[in-house]
Amino acid sequence: MIFSDDAPALESILHKTFEENRVNKLNPRKEFYNIDLSKIKDIVKRNYNATVNFIDYPEAEKYRESIKMLNR
């Protein structure tokens, strides 16, 4: 999860930078990419170092509780 003061501009840079890593080539509205998170962090830090906060392990309480239920 990434917090930025200018999320639309950051999103635009990420989309342009990683276009070749797009998974769904037929539908541009499906924004899924196959890219290592370290590469994303690198691009973000180079463009928005002062305004970005990375959360590597978000709380996601309901998601984690759901996973626990599935693994019982």
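This is a predicted model: local features need pLDDT of at least 70, side-chain atom pairs count only at pLDDT 80 or more; totals for chains, interfaces and linings use all residues.
Local features need pLDDT of at least 70 and side-chain atom pairs 80 or more, while totals for chains, interfaces and linings use all residues. Numbering runs from 1 along each chain as its sequence is written, and side-chain values rest on heavy atoms, with hydrogens and water left out.

Helix 1 (residues 7-17) and helix 2 (residues 37-48) have axes that come within 11 Å and cross at roughly 130°. On the helix 1 side, A9, L10, I13, L14 and T17 meet I40, I43, V44, N47 and Y48 of helix 2, with contact meaning heavy atoms within 4.5 Å.

As for the rings, the charged end of R64 sits over Y57, 3.9 Å from the ring centre (NZ of Lys or CZ of Arg within 6 Å of the centre and within 35 degrees of the ring normal). K41 likewise has its charged end over the ring of F54, 5.3 Å from the centre.

Notes: Axes are lines fitted to C-alpha atoms, for helices over the stretch in contact, and angles run from 0 to 180 degrees between N-to-C directions. Helices (H or I, at least four residues) and strands (E, at least two) are DSSP runs, numbered from the N terminus.
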